[in-house]
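Have the model open while you read.

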Amino acid sequence: LADIITKTSGRGGITLMPAFAVGRAQMLLYVVHKLMEEGRIPEMPVYLNSPMAIKATEAFIKHHKEHKLDQSQCALIDDQTQYIRTVDESIELDAMRYPCVIVSASGMASGGRVLHHLKTLLPNPRNSIVFAGFQAPGTRGDALVNGAQSVKIHGAYWPVKAEIHNLDSMSAHGDYNEILSWLEQGNLKPDKVYVTHGEVVASDTMRKYITEKFGWDAEVPELFEEVDI
């Protein structure tokens, strides 16, 4: 992430980070400000443009005792982030022409204020769009990370000239090793295990890992299948 932001700002571009409003946006803000504090990226404005993400961030900071970041770390996020609250402020931000970082919802570019930023930033090769996690098939985020030359936004197609990145390491989901390690920690002896979250192939692979490692009866249920528990 440090390299992406540094290179983008060096060519006079803007780094846009589509983010899920609760959890992911706050993590990205912390990482960006930490990189800036350590001198690993240049000093520049950081904007949060999402009403829901702003409310979540304020709750995150207020209740800092309930998570891993302490009060000073939360203050780093709050003091150094400029909150874009109104539509007029969001429109003004779209006119930005100097290096900055914009965090805006939604995380898969399926709606929200981030769409207006994409229309402005995608056609310019100086800019970078940085996704932070899994992009569901059929979303704009999925199309962009898989090399789409243009995307449809608000009824029109916009050329993709900006650099597109996806930070898989920032996924909020554990991989299969992490899930298996978690399952090992308890004295679980379930009669049945249902793998319900994930793509079909990945889910079936997870089912096989669970069966082979623990000897449990694991299944990937069909869409709309009902089970009595």
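This is a predicted model: local features need pLDDT of at least 70, side-chain atom pairs count only at pLDDT 80 or more; totals for chains, interfaces and linings use all residues.

## Ground rules

A salt bridge here is a side-chain nitrogen of Lys or Arg within 4 Å of a carboxyl oxygen of Asp or Glu.

Residues are numbered from 1 along each chain as its sequence is written, and side-chain values use heavy atoms, with hydrogens and water left out.

## The overall picture

The protein chain has 9 helices and 10 strands (DSSP runs numbered from the N terminus: H or I of at least four residues for helices, E of at least two for strands). Its C-alpha atoms fill a box of roughly 60 × 45 × 30 Å along the principal axes. Of the contacts with a separation of 6 or more, 71% are between residues 24 or more positions apart, where contact means heavy atoms within 4.5 Å.

Buried residues account for 40% of the 229 in the chain. Buried means under 20% relative accessible area, exposed over 50%, and partly exposed in between (1.4 Å probe, protein chains only). The accessible surface is about 13100 Å², with 52% of that belonging to carbon and sulfur atoms; the areas come from the Shrake-Rupley method with a 1.4 Å probe.

## Charges

There are 22 positive and 29 negative side chains in the protein chain, and the centres of the two sets lie 6 Å apart. Lys and Arg count as positive, Asp and Glu as negative, while His and the chain ends are not counted. Each charge is placed at NZ of Lys, CZ of Arg, CG of Asp or CD of Glu. The salt bridge count comes to 9.

Start with E37 and K34, whose closest N and O atoms are 3.5 Å apart. Both sit in helix α2 (residues 24-37), 3 residues apart, about one turn of the helix. E37 is exposed at 53%, while K34 is partly exposed at 30%.

Next, K213 and E184 meet in a salt bridge at 3.1 Å, N to O. K213 lies in helix α9 (residues 200-214) and E184 in helix α8 (residues 176-184), so this pair ties together parts that are 29 residues apart in sequence.

E219 is in strand β10 (residues 218-219) and K192 in the loop between α8 and β9 (193-194), so to speak distant parts of the chain, 27 residues apart.
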